[in-house]
Amino acid sequence: MTTHTHSIPFSIDYIEISVTDLQAAKDFYGRAFGWEFTAYGDEYAGIRTPAEAGGEEAGGLALVPEPKPAGGPLVLLYSDDLDASVTAVTRAGGTVVNGPYEFPGGRRFHFTDPSGNELGVWAAA
């Protein structure tokens, strides 16, 4: 794993997304959001979003035999252009499952990735 120096107490520091097809997930997130990946064998890839400098990682994609059941925490990504993000997600092979819709402070939508994980994207009003 690359050096990880965020280390801010009690903040969300790293997120792992369980996926059933590692290459399909890397292709999807790379095309939809410009994420880059560090391969750690055939079952794990570190995630570098545009915010990570110097090779640090924001999380990872972990290969699992079947998707996890729905529920649990919802990962939200920020976008400067929500409509462009909707287009990028659908062109990359994701499915919009809710929205876009207004909420206090902005707009957002939820999507599922090729493994069936639900995430959201939001933008300021």
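Predicted model: local features only at pLDDT ≥ 70, side-chain atom pairs only at ≥ 80, totals over all residues.
User: What makes two strands count as a pair here?

Analyst: Two strands pair if DSSP finds at least two bridges between them; helices (H or I, at least four residues) and strands (E, at least two) are DSSP runs, numbered from the N terminus. Strand E7 (residues 106-112) and strand E8 (residues 118-124) have 7 bridges, in the antiparallel sense, so they count as a pair.

Residues are numbered from 1 along each chain as its sequence is written, and side-chain values use heavy atoms, with hydrogens and water left out.

User: Why is Ser85 called buried?

Analyst: Buried means under 20% relative accessible area, exposed over 50%, and partly exposed in between (1.4 Å probe, protein chains only). Ser85 has 11% relative accessibility, so Ser85 counts as buried. You will find Ser85 in helix H2 (residues 82-91).

User: And why does Asp80 count as exposed?

Analyst: Asp80 has 74% relative accessibility, so the label is exposed. Asp80 sits in the loop between strand E5 (76-78) and H2.

User: Which residues does Ser85 touch, leaving out those up to four places away in sequence?

Analyst: Ser79, Phe109 and Val121; contact means heavy atoms within 4.5 Å.
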